Amino acid sequence: MVVFSVKPFFRILVVSLSLLFLLALQLPSSLFSQVHIYGEPSLGEVDIWSVRRLMEWRPCNWWLQGRQTALPLETYGYIRVDCYGGLNQMRRDFCDGVGIARLLNATLVLPKFEVASYWNETSGFADVYDVDYFIQHMNGFVKVVKELPPEIASKEPVRVDCSKRKGQFDYVESVLPSLLKHKYISITPAMSQRRDRYPLYAKAALCQACYKALRLTRSLEMKASQLLDAIPKPFLSLHLRFEPDMVAYSQCEYPDLSPASMKAIEAAQVDRKPWTGELARVWRLRGKCPLTPNETALILQSLSIPPTTNIYLAAGDGLMEIEGLTDTYTNIVTKSSILSREDFTSMHGNTKAALDYYVSINSDSYIATYFGNMDKMVAAMRAFNGLYKTLFLSRRGFAQLTSQGLRGKKLMQALWKLHRDDFANGRGSALSECFCEFKL
(Lines give C-alpha, C1' and ligand atoms only; values in the text may rest on other atoms or scores of the structure.)
Protein backbone atom coordinates (compact mmCIF):
# COMPACT_ATOMS: atom_id res chain seq x y z
CA MET A 1 0.00 0.00 0.00
CA VAL A 2 1.41 3.38 -1.05
CA VAL A 3 0.83 6.27 1.34
CA PHE A 4 0.74 9.90 0.03
CA SER A 5 1.46 12.95 2.11
CA VAL A 6 -0.89 15.84 1.27
CA LYS A 7 1.39 18.49 2.77
CA PRO A 8 3.59 19.02 -0.33
CA PHE A 9 0.54 19.40 -2.53
CA PHE A 10 -1.03 21.82 -0.07
CA ARG A 11 2.16 23.91 -0.02
CA ILE A 12 2.23 24.02 -3.84
CA LEU A 13 -1.43 25.10 -3.97
CA VAL A 14 -0.89 27.88 -1.45
CA VAL A 15 2.20 29.18 -3.26
CA SER A 16 0.39 29.12 -6.64
CA LEU A 17 -2.61 31.05 -5.32
CA SER A 18 -0.32 33.59 -3.67
CA LEU A 19 1.54 34.19 -6.94
CA LEU A 20 -1.74 34.65 -8.82
CA PHE A 21 -2.92 37.13 -6.21
CA LEU A 22 0.32 39.15 -6.41
CA LEU A 23 0.12 39.15 -10.22
CA ALA A 24 -3.46 40.46 -10.08
CA LEU A 25 -2.37 43.31 -7.85
CA GLN A 26 0.20 44.37 -10.47
CA LEU A 27 -2.36 44.53 -13.33
CA PRO A 28 -3.93 47.91 -14.20
CA SER A 29 -7.23 48.35 -12.42
CA SER A 30 -8.80 49.61 -15.65
CA LEU A 31 -8.71 46.09 -17.05
CA PHE A 32 -11.06 44.95 -14.31
CA SER A 33 -13.27 48.02 -14.37
CA GLN A 34 -14.00 47.57 -18.05
CA VAL A 35 -15.42 44.10 -17.64
CA HIS A 36 -16.90 44.26 -14.16
CA ILE A 37 -20.00 46.37 -14.60
CA TYR A 38 -21.03 46.62 -11.03
CA GLY A 39 -17.68 47.68 -9.57
CA GLU A 40 -17.18 51.01 -7.86
CA PRO A 41 -14.65 52.92 -10.03
CA SER A 42 -13.66 56.38 -8.88
CA LEU A 43 -15.13 59.27 -10.84
CA GLY A 44 -13.05 59.99 -13.91
CA GLU A 45 -11.49 56.52 -14.19
CA VAL A 46 -13.97 54.90 -16.60
CA ASP A 47 -16.34 56.60 -19.01
CA ILE A 48 -19.85 55.31 -19.66
CA TRP A 49 -18.92 53.77 -23.02
CA SER A 50 -16.43 51.40 -21.31
CA VAL A 51 -19.24 49.63 -19.46
CA ARG A 52 -19.82 46.10 -20.76
CA ARG A 53 -23.29 45.79 -22.27
CA LEU A 54 -25.45 42.82 -21.28
CA MET A 55 -27.93 43.15 -24.15
CA GLU A 56 -28.52 45.09 -27.34
CA TRP A 57 -31.27 45.71 -29.89
CA ARG A 58 -30.84 44.34 -33.41
CA PRO A 59 -33.18 44.19 -36.41
CA CYS A 60 -35.39 41.11 -36.12
CA ASN A 61 -34.50 38.21 -38.41
CA TRP A 62 -38.07 37.73 -39.61
CA TRP A 63 -37.90 41.18 -41.23
CA LEU A 64 -34.35 41.11 -42.62
CA GLN A 65 -34.71 37.67 -44.19
CA GLY A 66 -37.25 39.14 -46.59
CA ARG A 67 -39.56 36.13 -46.87
CA GLN A 68 -42.79 38.14 -46.97
CA THR A 69 -46.36 37.40 -47.97
CA ALA A 70 -46.84 38.21 -51.67
CA LEU A 71 -48.80 41.36 -52.48
CA PRO A 72 -52.35 40.83 -53.81
CA LEU A 73 -52.75 41.48 -57.54
CA GLU A 74 -55.35 44.19 -56.91
CA THR A 75 -55.64 46.68 -54.06
CA TYR A 76 -58.82 48.12 -52.50
CA GLY A 77 -57.96 51.73 -53.24
CA TYR A 78 -55.51 54.53 -52.45
CA ILE A 79 -54.32 55.96 -49.11
CA ARG A 80 -52.52 59.24 -48.56
CA VAL A 81 -50.88 59.82 -45.18
CA ASP A 82 -51.20 63.42 -43.97
CA CYS A 83 -48.30 64.26 -41.65
CA TYR A 84 -48.08 67.11 -39.13
CA GLY A 85 -45.49 68.54 -36.76
CA GLY A 86 -41.70 68.44 -37.03
CA LEU A 87 -39.82 66.26 -39.50
CA ASN A 88 -39.29 63.32 -37.14
CA GLN A 89 -42.92 63.28 -36.05
CA MET A 90 -43.98 63.30 -39.71
CA ARG A 91 -41.53 60.49 -40.44
CA ARG A 92 -42.98 58.45 -37.57
CA ASP A 93 -46.55 58.99 -38.82
CA PHE A 94 -45.59 58.15 -42.38
CA CYS A 95 -43.89 54.89 -41.32
CA ASP A 96 -47.08 53.96 -39.45
CA GLY A 97 -49.08 54.88 -42.54
CA VAL A 98 -47.04 52.50 -44.70
CA GLY A 99 -47.88 49.65 -42.34
CA ILE A 100 -51.55 50.64 -42.39
CA ALA A 101 -51.63 50.74 -46.20
CA ARG A 102 -50.26 47.19 -46.31
CA LEU A 103 -52.65 46.09 -43.55
CA LEU A 104 -55.64 47.35 -45.55
CA ASN A 105 -54.32 46.18 -48.93
CA ALA A 106 -54.16 49.75 -50.26
CA THR A 107 -51.92 51.50 -52.75
CA LEU A 108 -49.83 54.15 -51.02
CA VAL A 109 -49.81 57.69 -52.40
CA LEU A 110 -46.85 59.93 -51.57
CA PRO A 111 -47.60 61.64 -48.24
CA LYS A 112 -48.64 65.21 -47.63
CA PHE A 113 -46.28 67.11 -45.32
CA GLU A 114 -47.79 69.97 -43.34
CA VAL A 115 -46.81 73.46 -44.45
CA ALA A 116 -46.42 75.18 -41.08
CA SER A 117 -45.24 78.70 -40.37
CA TYR A 118 -44.51 77.60 -36.78
CA TRP A 119 -41.78 75.26 -38.04
CA ASN A 120 -40.64 77.76 -40.70
CA GLU A 121 -41.56 75.05 -43.15
CA THR A 122 -42.64 74.88 -46.77
CA SER A 123 -40.85 71.73 -47.96
CA GLY A 124 -42.71 68.58 -48.89
CA PHE A 125 -41.83 64.89 -48.83
CA ALA A 126 -39.98 65.01 -52.16
CA ASP A 127 -37.90 67.99 -50.97
CA VAL A 128 -36.47 65.89 -48.13
CA TYR A 129 -36.55 62.25 -49.23
CA ASP A 130 -35.49 60.47 -52.43
CA VAL A 131 -38.83 59.38 -53.93
CA ASP A 132 -37.45 56.95 -56.53
CA TYR A 133 -35.24 55.27 -53.94
CA PHE A 134 -38.23 54.88 -51.62
CA ILE A 135 -40.46 53.32 -54.28
CA GLN A 136 -37.68 50.95 -55.40
CA HIS A 137 -36.98 49.70 -51.87
CA MET A 138 -40.66 49.24 -51.02
CA ASN A 139 -41.14 46.92 -53.97
CA GLY A 140 -42.74 43.71 -52.71
CA PHE A 141 -43.74 45.28 -49.38
CA VAL A 142 -46.45 47.72 -50.48
CA LYS A 143 -47.50 49.27 -53.78
CA VAL A 144 -46.51 52.96 -54.08
CA VAL A 145 -47.43 55.43 -56.83
CA LYS A 146 -46.14 58.89 -57.67
CA GLU A 147 -49.30 59.86 -59.50
CA LEU A 148 -52.94 58.86 -59.23
CA PRO A 149 -54.94 57.57 -62.21
CA PRO A 150 -56.86 60.34 -64.05
CA GLU A 151 -60.30 59.31 -62.73
CA ILE A 152 -59.07 59.81 -59.13
CA ALA A 153 -56.43 62.52 -59.50
CA SER A 154 -59.04 65.28 -59.88
CA LYS A 155 -60.60 64.47 -56.50
CA GLU A 156 -59.51 65.28 -52.98
CA PRO A 157 -59.24 62.23 -50.73
CA VAL A 158 -61.99 61.57 -48.20
CA ARG A 159 -60.61 62.37 -44.78
CA VAL A 160 -60.97 59.53 -42.24
CA ASP A 161 -60.62 60.48 -38.58
CA CYS A 162 -58.19 58.24 -36.69
CA SER A 163 -57.87 60.43 -33.61
CA LYS A 164 -59.53 58.05 -31.15
CA ARG A 165 -57.60 58.15 -27.88
CA LYS A 166 -59.33 55.62 -25.64
CA GLY A 167 -58.70 51.95 -26.24
CA GLN A 168 -57.01 50.57 -29.33
CA PHE A 169 -57.89 52.01 -32.73
CA ASP A 170 -58.88 49.25 -35.15
CA TYR A 171 -58.04 50.25 -38.74
CA VAL A 172 -59.69 47.24 -40.34
CA GLU A 173 -62.93 47.96 -38.53
CA SER A 174 -62.87 51.77 -38.70
CA VAL A 175 -60.99 52.69 -41.90
CA LEU A 176 -61.34 49.80 -44.35
CA PRO A 177 -65.09 50.45 -44.99
CA SER A 178 -64.28 54.03 -46.08
CA LEU A 179 -61.48 52.80 -48.33
CA LEU A 180 -63.81 50.28 -49.99
CA LYS A 181 -66.51 52.91 -50.44
CA HIS A 182 -64.53 55.96 -51.62
CA LYS A 183 -61.42 54.31 -53.13
CA TYR A 184 -59.23 57.30 -52.15
CA ILE A 185 -58.84 58.36 -48.51
CA SER A 186 -56.40 60.27 -46.33
CA ILE A 187 -55.44 59.48 -42.74
CA THR A 188 -53.14 60.60 -39.94
CA PRO A 189 -52.26 57.47 -37.94
CA ALA A 190 -53.59 57.19 -34.40
CA MET A 191 -50.97 57.08 -31.66
CA SER A 192 -53.15 54.58 -29.76
CA GLN A 193 -52.65 51.85 -32.35
CA ARG A 194 -50.67 48.84 -31.08
CA ARG A 195 -48.31 48.04 -33.93
CA ASP A 196 -47.36 44.72 -32.37
CA ARG A 197 -50.86 43.55 -33.32
CA TYR A 198 -50.14 43.99 -37.02
CA PRO A 199 -49.66 40.80 -39.05
CA LEU A 200 -46.00 40.26 -39.91
CA TYR A 201 -46.38 41.43 -43.51
CA ALA A 202 -47.74 44.83 -42.36
CA LYS A 203 -45.04 45.18 -39.71
CA ALA A 204 -42.40 44.29 -42.30
CA ALA A 205 -43.66 47.07 -44.60
CA LEU A 206 -43.41 49.56 -41.73
CA CYS A 207 -39.89 48.42 -40.83
CA GLN A 208 -38.70 48.47 -44.42
CA ALA A 209 -40.03 51.99 -44.92
CA CYS A 210 -38.57 53.45 -41.76
CA TYR A 211 -35.10 51.90 -41.75
CA LYS A 212 -34.25 50.94 -45.31
CA ALA A 213 -36.31 52.90 -47.81
CA LEU A 214 -36.18 56.48 -46.51
CA ARG A 215 -33.04 58.22 -47.77
CA LEU A 216 -32.41 61.95 -48.00
CA THR A 217 -32.37 63.55 -51.45
CA ARG A 218 -28.95 63.64 -53.06
CA SER A 219 -28.53 67.37 -52.58
CA LEU A 220 -29.58 67.24 -48.92
CA GLU A 221 -27.43 64.18 -48.21
CA MET A 222 -24.46 65.93 -49.81
CA LYS A 223 -24.98 68.96 -47.56
CA ALA A 224 -25.33 66.69 -44.52
CA SER A 225 -22.17 64.78 -45.48
CA GLN A 226 -20.22 68.05 -45.79
CA LEU A 227 -21.44 69.05 -42.34
CA LEU A 228 -20.40 65.68 -40.92
CA ASP A 229 -16.94 65.94 -42.49
CA ALA A 230 -16.40 69.39 -40.94
CA ILE A 231 -17.00 68.23 -37.35
CA PRO A 232 -13.81 67.40 -35.40
CA LYS A 233 -13.48 63.66 -34.77
CA PRO A 234 -14.25 61.68 -32.70
CA PHE A 235 -17.37 63.45 -31.51
CA LEU A 236 -20.49 63.12 -29.41
CA SER A 237 -23.83 64.25 -30.83
CA LEU A 238 -25.86 65.79 -28.01
CA HIS A 239 -29.59 66.36 -28.57
CA LEU A 240 -30.37 69.07 -26.04
CA ARG A 241 -33.95 70.28 -25.63
CA PHE A 242 -34.33 73.50 -23.67
CA GLU A 243 -36.12 75.87 -26.02
CA PRO A 244 -38.81 78.29 -24.73
CA ASP A 245 -41.71 76.38 -26.31
CA MET A 246 -40.39 73.09 -24.93
CA VAL A 247 -40.15 74.42 -21.39
CA ALA A 248 -43.53 76.16 -21.65
CA TYR A 249 -45.20 72.97 -22.87
CA SER A 250 -43.70 70.98 -19.97
CA GLN A 251 -45.41 73.27 -17.41
CA CYS A 252 -42.37 72.97 -15.13
CA GLU A 253 -41.01 75.58 -12.73
CA TYR A 254 -37.45 76.87 -13.22
CA PRO A 255 -36.91 79.62 -10.63
CA ASP A 256 -33.17 80.07 -11.24
CA LEU A 257 -33.23 80.99 -14.93
CA SER A 258 -32.09 84.34 -16.29
CA PRO A 259 -34.67 87.15 -16.78
CA ALA A 260 -34.28 86.81 -20.57
CA SER A 261 -35.09 83.07 -20.43
CA MET A 262 -38.07 83.62 -18.13
CA LYS A 263 -39.43 86.26 -20.49
CA ALA A 264 -39.07 83.92 -23.49
CA ILE A 265 -40.86 81.11 -21.62
CA GLU A 266 -43.72 83.38 -20.56
CA ALA A 267 -44.19 84.49 -24.17
CA ALA A 268 -44.47 80.85 -25.25
CA GLN A 269 -46.80 79.73 -22.46
CA VAL A 270 -50.08 81.18 -23.74
CA ASP A 271 -52.56 79.37 -21.45
CA ARG A 272 -50.21 76.61 -20.25
CA LYS A 273 -49.15 77.97 -16.88
CA PRO A 274 -46.55 76.03 -14.86
CA TRP A 275 -47.57 73.75 -12.01
CA THR A 276 -46.85 75.11 -8.54
CA GLY A 277 -46.43 73.74 -5.03
CA GLU A 278 -46.88 70.00 -4.48
CA LEU A 279 -48.11 69.45 -8.04
CA ALA A 280 -44.87 70.93 -9.40
CA ARG A 281 -42.81 68.62 -7.15
CA VAL A 282 -44.75 65.49 -8.20
CA TRP A 283 -44.58 66.50 -11.88
CA ARG A 284 -40.79 66.86 -11.70
CA LEU A 285 -40.37 63.54 -9.86
CA ARG A 286 -42.26 61.84 -12.68
CA GLY A 287 -39.54 62.96 -15.09
CA LYS A 288 -41.67 65.49 -16.96
CA CYS A 289 -39.23 68.41 -16.79
CA PRO A 290 -36.55 68.98 -19.48
CA LEU A 291 -32.97 69.01 -18.22
CA THR A 292 -31.29 72.41 -18.24
CA PRO A 293 -27.92 72.77 -19.98
CA ASN A 294 -26.32 73.10 -16.52
CA GLU A 295 -27.95 69.86 -15.32
CA THR A 296 -26.90 68.19 -18.55
CA ALA A 297 -23.27 69.21 -18.01
CA LEU A 298 -23.38 67.80 -14.48
CA ILE A 299 -24.69 64.43 -15.69
CA LEU A 300 -22.12 64.28 -18.50
CA GLN A 301 -19.39 64.86 -15.90
CA SER A 302 -20.80 62.07 -13.73
CA LEU A 303 -20.52 59.77 -16.76
CA SER A 304 -16.83 60.73 -17.07
CA ILE A 305 -17.35 62.39 -20.44
CA PRO A 306 -14.16 64.53 -20.63
CA PRO A 307 -14.56 68.35 -20.84
CA THR A 308 -12.37 68.23 -23.96
CA THR A 309 -14.88 66.06 -25.85
CA ASN A 310 -15.88 67.31 -29.28
CA ILE A 311 -19.64 67.85 -29.11
CA TYR A 312 -22.05 68.49 -31.97
CA LEU A 313 -25.08 70.23 -30.52
CA ALA A 314 -28.15 68.84 -32.28
CA ALA A 315 -30.70 71.40 -31.15
CA GLY A 316 -33.40 73.69 -32.44
CA ASP A 317 -33.26 77.44 -32.64
CA GLY A 318 -33.54 79.50 -29.46
CA LEU A 319 -31.77 77.18 -27.02
CA MET A 320 -31.71 78.87 -23.59
CA GLU A 321 -29.10 78.93 -20.80
CA ILE A 322 -26.49 77.35 -23.08
CA GLU A 323 -23.67 78.81 -20.93
CA GLY A 324 -24.49 76.16 -18.35
CA LEU A 325 -23.07 73.62 -20.80
CA THR A 326 -20.37 75.60 -22.59
CA ASP A 327 -18.72 76.74 -19.34
CA THR A 328 -17.68 73.10 -18.83
CA TYR A 329 -17.62 71.68 -22.36
CA THR A 330 -15.88 74.16 -24.62
CA ASN A 331 -15.40 72.13 -27.82
CA ILE A 332 -18.97 72.55 -29.05
CA VAL A 333 -20.02 73.04 -32.66
CA THR A 334 -23.45 73.62 -34.20
CA LYS A 335 -24.95 73.79 -37.68
CA SER A 336 -24.84 77.57 -37.59
CA SER A 337 -21.16 77.66 -36.56
CA ILE A 338 -20.09 75.39 -39.43
CA LEU A 339 -22.37 76.32 -42.31
CA SER A 340 -22.20 79.69 -44.02
CA ARG A 341 -24.63 82.29 -42.70
CA GLU A 342 -26.37 82.49 -46.07
CA ASP A 343 -26.70 78.71 -46.27
CA PHE A 344 -28.03 78.40 -42.73
CA THR A 345 -30.59 81.21 -42.87
CA SER A 346 -32.03 79.89 -46.14
CA MET A 347 -32.84 76.49 -44.59
CA HIS A 348 -36.32 75.49 -43.51
CA GLY A 349 -37.13 73.55 -40.37
CA ASN A 350 -37.24 70.15 -42.09
CA THR A 351 -33.84 70.71 -43.65
CA LYS A 352 -32.25 71.60 -40.31
CA ALA A 353 -33.87 68.60 -38.63
CA ALA A 354 -32.65 66.32 -41.44
CA LEU A 355 -29.07 67.54 -40.97
CA ASP A 356 -29.21 66.90 -37.20
CA TYR A 357 -30.64 63.43 -37.84
CA TYR A 358 -27.95 62.53 -40.39
CA VAL A 359 -25.10 63.72 -38.18
CA SER A 360 -26.53 61.97 -35.12
CA ILE A 361 -26.95 58.55 -36.74
CA ASN A 362 -23.33 58.77 -37.93
CA SER A 363 -21.75 60.18 -34.77
CA ASP A 364 -19.28 58.24 -32.63
CA SER A 365 -21.73 58.49 -29.72
CA TYR A 366 -25.17 59.95 -29.13
CA ILE A 367 -26.75 61.30 -25.95
CA ALA A 368 -30.27 62.73 -25.67
CA THR A 369 -31.65 64.81 -22.81
CA TYR A 370 -35.23 64.09 -23.84
CA PHE A 371 -37.08 61.15 -25.36
CA GLY A 372 -38.80 62.65 -28.37
CA ASN A 373 -39.45 61.50 -31.92
CA MET A 374 -35.95 62.31 -33.16
CA ASP A 375 -34.32 60.46 -30.25
CA LYS A 376 -36.35 57.31 -30.88
CA MET A 377 -35.61 57.42 -34.62
CA VAL A 378 -31.89 58.07 -34.10
CA ALA A 379 -31.55 55.30 -31.49
CA ALA A 380 -33.27 52.81 -33.78
CA MET A 381 -31.22 53.77 -36.83
CA ARG A 382 -27.98 53.60 -34.86
CA ALA A 383 -28.96 50.12 -33.63
CA PHE A 384 -29.77 49.16 -37.22
CA ASN A 385 -26.26 50.26 -38.22
CA GLY A 386 -24.62 48.49 -35.27
CA LEU A 387 -23.75 51.67 -33.36
CA TYR A 388 -24.48 51.20 -29.65
CA LYS A 389 -22.87 54.18 -27.94
CA THR A 390 -26.33 55.64 -27.41
CA LEU A 391 -27.79 56.88 -24.14
CA PHE A 392 -30.86 58.74 -22.88
CA LEU A 393 -30.27 60.85 -19.80
CA SER A 394 -32.79 60.11 -17.04
CA ARG A 395 -34.86 63.16 -16.11
CA ARG A 396 -36.80 61.15 -13.57
CA GLY A 397 -33.64 59.73 -12.00
CA PHE A 398 -32.03 63.15 -11.75
CA ALA A 399 -35.14 64.64 -10.14
CA GLN A 400 -35.47 61.82 -7.63
CA LEU A 401 -31.81 61.86 -6.62
CA THR A 402 -31.70 65.62 -6.12
CA SER A 403 -34.99 65.52 -4.19
CA GLN A 404 -33.28 63.15 -1.74
CA GLY A 405 -30.77 65.87 -0.98
CA LEU A 406 -27.84 64.30 -2.83
CA ARG A 407 -25.19 66.81 -3.84
CA GLY A 408 -21.58 66.87 -4.97
CA LYS A 409 -19.70 63.57 -5.25
CA LYS A 410 -22.58 61.50 -3.81
CA LEU A 411 -24.91 62.80 -6.51
CA MET A 412 -22.31 62.19 -9.21
CA GLN A 413 -21.76 58.61 -8.05
CA ALA A 414 -25.51 57.94 -7.92
CA LEU A 415 -25.97 59.36 -11.43
CA TRP A 416 -23.15 57.14 -12.66
CA LYS A 417 -24.75 54.00 -11.22
CA LEU A 418 -28.16 54.89 -12.65
CA HIS A 419 -26.95 55.47 -16.20
CA ARG A 420 -24.41 52.63 -16.06
CA ASP A 421 -27.22 50.15 -15.43
CA ASP A 422 -29.43 51.73 -18.12
CA PHE A 423 -26.64 51.53 -20.69
CA ALA A 424 -25.62 47.97 -19.78
CA ASN A 425 -29.19 46.69 -20.01
CA GLY A 426 -30.28 48.70 -23.04
CA ARG A 427 -33.04 50.44 -21.09
CA GLY A 428 -34.84 53.48 -22.38
CA SER A 429 -34.42 52.82 -26.09
CA ALA A 430 -38.08 51.77 -26.57
CA LEU A 431 -37.31 50.59 -30.07
CA SER A 432 -40.18 49.59 -32.31
CA GLU A 433 -41.33 46.07 -33.09
CA CYS A 434 -38.77 46.02 -35.90
CA PHE A 435 -36.02 45.24 -33.36
CA CYS A 436 -35.45 42.31 -31.03
CA GLU A 437 -33.42 41.94 -27.83
CA PHE A 438 -30.16 40.00 -28.00
CA LYS A 439 -28.35 38.96 -24.83
CA LEU A 440 -24.57 39.35 -25.02
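## Overall fold

Of the contacts in the chain with a separation of 6 or more, 78% are between residues 24 or more positions apart; a contact means heavy atoms within 4.5 Å. The structure is a predicted model, in which local features need pLDDT of at least 70 and side-chain atom pairs count only at pLDDT 80 or more, while totals for chains, interfaces and linings use all residues. Residues are numbered from 1 along each chain as its sequence is written, and side-chain values use heavy atoms, with hydrogens and water left out.

The chain holds 22 helices and twelve strands. Helices (H or I, at least four residues) and strands (E, at least two) are DSSP runs, numbered from the N terminus. Of the 440 residues in the chain, 49% are buried. Buried stands for under 20% relative accessible area, exposed for over 50%, and partly exposed for values in between (1.4 Å probe, protein chains only). The accessible surface of the chain is about 22,800 Å², and carbon and sulfur atoms account for 55% of that. Accessible areas come from the Shrake-Rupley method with a 1.4 Å probe; for residues, only the protein chains shown count as cover.

## Disulfide count and pattern

A disulfide is a covalent bond between the sulfur atoms of two cysteines. Here a disulfide is taken as a pair of cysteine sulfur atoms within 2.5 Å. The count by this rule is four disulfides. With bonded cysteines counted along the chain, the pattern is 1-8, 2-4, 3-7, 5-6.

Cys83 takes part in no disulfide, and the nearest cysteine sulfur, that of Cys95, lies 9.1 Å away. Cys83 counts as buried because its relative accessibility is 1%.

Cys95 and Cys210 are joined by a disulfide, with sulfur atoms 2.2 Å apart. The torsion about their S-S bond is about 95°, so this disulfide is right-handed. It links distant parts of the chain: Cys95 belongs to helix α4 (residues 87-103) and Cys210 to helix α10 (residues 200-213), 115 residues apart. Cys95 and Cys210 are both buried.

Cys207 is joined to Cys434 by a disulfide with an S to S distance of 2.1 Å. The link of Cys207 and Cys434 has -95° about the S-S bond and is left-handed. This pair also links distant parts of the chain, with Cys207 in helix α10 and Cys434 in the loop between α22 (408-425) and β12 (435-439), 227 residues apart. Cys207 is buried at 1% relative accessibility, and Cys434 is buried with a relative accessible area of 1%.

## Cover of α10

Helix α10 is mostly covered, with eleven of its 14 residues buried. Among the buried residues are Lys203, Leu206, Gln208 and Tyr211, along with the cysteines Cys207 and Cys210. The cover over the buried residues of α10 includes α3 (61-64), α4, α6 (131-137), α20 (373-384) and β12.

## The loop-to-loop disulfide

Cys252 and Cys289 form a disulfide, and their sulfur atoms are 2.1 Å apart. The torsion about the S-S bond is -90°, and the link is left-handed. Cys252 is in the loop between α12 (244-250) and α13 (259-269), and Cys289 is in the loop between α14 (277-285) and α15 (293-302); the pair links distant parts of the chain, 37 residues apart. Cys252 has a relative accessible area of 7% and is therefore buried. Cys289 is buried at 6% relative accessibility.
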